[in-house]
Amino acid sequence: QVQLVESGGGVVQPGGSLRLACAASERAFMFEPLGWHRQPPGKQRELVARFSGGTRIYGDFVKGRFTISRDSAKNTVYLQMNSLKPDDTAVYYCNARIIRRLGENWAEYWGQGTQVTVSS
């Protein structure tokens with residue numbers, strides 16, 4: 001069973017940076033990263049960034065601070081986060097569509113989440 005594995009979370013001071021990564025646990029026939037969401041404490045999950053055709057869409061709160069990117073050769077999607085604020089504290093999740101093997105259908109997967117804490 002293929003999984004999405006996130007990494008790069010942690011504790012950072014306000015104004016700092018983190019780079020999250022999300023990779024498939026095994027080589028897949030097709031890998032299409034969809035984006036990143038987050039769930040702040042006590043709040044609903046919200047969109048952080050996603051791919052939409054040839055463009056990237058960001059949540060209103062991002063305001064140019066985050067960048068989503070992907071490495072197709074590595075089946076990996078990244079989220080570079082700069083100028084972090086305490087309000088960015090949340091569990092961050094990636095999701096992707098995957099075809100595991102030739103002849104199978106697309107299936108959507110979510111990672112287990114990685115904690116980001118912004119605190120002085």
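Me: How many bridges pair β7 with strand β8 (residues 76-81)?
Reply: A strand is a DSSP run of E with at least two residues, numbered from the N terminus. Two strands pair if DSSP finds at least two bridges between them. β7 and β8 run in the antiparallel sense, and the number of bridges is six.

Me: At what pLDDT do side-chain atom pairs count in this predicted model?
Reply: Residues are numbered from 1 along each chain as its sequence is written, and side-chain values use heavy atoms, leaving out hydrogens and water. The model is predicted: totals for chains, interfaces and linings use all residues, local features need pLDDT of at least 70, and side-chain atom pairs need pLDDT 80 or more.

Me: Which residue in the turn of the β7 and β8 hairpin has a positive phi?
Reply: Asp-71 has Thr-76 of β8 as its bridge partner. Four residues sit between the two strands of the hairpin, and the one with a positive phi, about 50°, is Asn-75.

Me: Which are the edge strands of the open sheet?
Reply: Go through the order, β1-β3-β8-β7, with antiparallel pairing.

Me: In β3, what is the bridge partner of Leu-4?
Reply: β1 is joined to β3 (residues 18-24) by four bridges, and the two run antiparallel. For Leu-4, the partner in β3 is Ala-24.

Me: Why does Asn-95 count as buried?
Reply: Asn-95 lies in strand β9. It touches residues including Leu-4, Pro-33 and Trp-110, leaving aside those up to four places away in sequence; contact means heavy atoms within 4.5 Å. Buried means under 20% relative accessible area, exposed over 50%, and partly exposed in between (1.4 Å probe, protein chains only). Asn-95 counts as buried because its relative accessibility is 4%.

Me: Which ring does the charged end of Arg-97 sit over?
Reply: A charge sits over a ring if NZ of Lys or CZ of Arg is within 6 Å of the ring centre and within 35 degrees of the ring normal. Arg-38 does this with Phe-61, at 3.7 Å from the ring centre. For Arg-97, at 4.3 Å from the centre, the ring belongs to Trp-106.
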